[in-house]
Amino acid sequence: MTTKLNHRDCQNFAAIDVSKGICHLTKNIVLADTEQCEDCAPLRKCSGCKQFSATKGALEMGVCGASKADPKFFAYPDMVATTCEMYQGH
């Protein structure tokens, strides 16, 4: 499965507001929801972690299997995981 990435999914994107941001590489203003460029460096997100699980067909919410809390805490597949120490990429 290929996932379409947008500028907001890139490590080089810094949001200005909900619709646009600045690309750290080019220093240009880019629209957040436009297609990635060739230099895209994908952000780590919960959906890309081995510990994330969600019910098929209902990907709006999932669970972090690495959570030590009881019950395990909820996670959104689109949640940025750049500072997560439990992240395990596929």
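Is D78 buried, partly exposed or exposed? D78 is partly exposed, with a relative accessible area of 44%; here buried means under 20%, exposed over 50% and partly exposed in between, using a 1.4 Å probe and protein chains only. Welcome to this predicted model, in which local features need pLDDT of at least 70, side-chain atom pairs count only at pLDDT 80 or more, and totals for chains, interfaces and linings use all residues. Residues are numbered from 1 along each chain as its sequence is written, and side-chain values use heavy atoms, with hydrogens and water left out.

**The sheet**

- Three strands make an open sheet in the order β1-β2-β3, with antiparallel pairing. Strands are DSSP runs of E with at least two residues, numbered from the N terminus, and two of them pair if DSSP finds at least two bridges between them.
- β1 (13-15) and β3 stand at the edges with a single partner strand each, so one side of each has no neighbour in the sheet.
- On average, neighbouring strands of this sheet are turned by 40° against each other, direction ignored; the axes behind such angles are lines fitted to C-alpha atoms, and angles run from 0 to 180 degrees between N-to-C directions.
- β1 and β2 run antiparallel and are joined by three bridges, and a hairpin connects them through four residues.
- β2 (residues 20-23) also pairs with β3 in the antiparallel sense, over three bridges.
- G21 in β2 stands opposite A15, and G21 also stands opposite V30 in β3.
- The hairpin of β2 and β3 has five residues between the strands, and there K27 takes a positive phi near 65°.

**Salt bridges**

- The whole structure holds six salt bridges, each being a side-chain nitrogen of Lys or Arg within 4 Å of a carboxyl oxygen of Asp or Glu.
- K20 has L31 as its bridge partner in β3, and K20 also forms a salt bridge with D17, the closest N and O atoms being 2.6 Å apart.
- D78 and K45 form another salt bridge, with the closest N and O atoms 2.7 Å apart. D78 lies in the segment after β6 (74-75) and K45 in the loop between β3 (29-31) and β4 (52-53), so this pair ties together parts that are 33 residues apart in sequence.
- K45 is buried, at 10% relative accessibility.
- K45 and V80 are 35 residues apart in sequence, yet 4.5 Å apart in space, C-alpha to C-alpha.
- R8 and D9 form a salt bridge too, with their closest N and O atoms 3.7 Å apart. D9 is buried at 7% relative accessible area, whereas R8 is partly exposed at 35%.
- A network of salt bridges links R8, D9, D33, K45 and D78.

**The second largest pocket**

- The second largest pocket contains about 170 Å³ of space. Of the 14 residues that line this pocket, the closest to its centre are C46, C64, F73, A81 and C84.
- A pocket is an open set of points on a 1 Å grid over the protein atoms alone, where a 1.4 Å probe fits, with protein on both sides within 12 Å along at least five of seven lines; lining residues have an atom within 4 Å of a point.
- The lining divides into twelve nonpolar, two polar and no charged residues.

Terms used. Points joined across faces, edges and corners; volume = space filled by probe spheres on them. Nonpolar A, V, L, I, M, F, W, Y, C, P; charged D, E, K, R; others polar.
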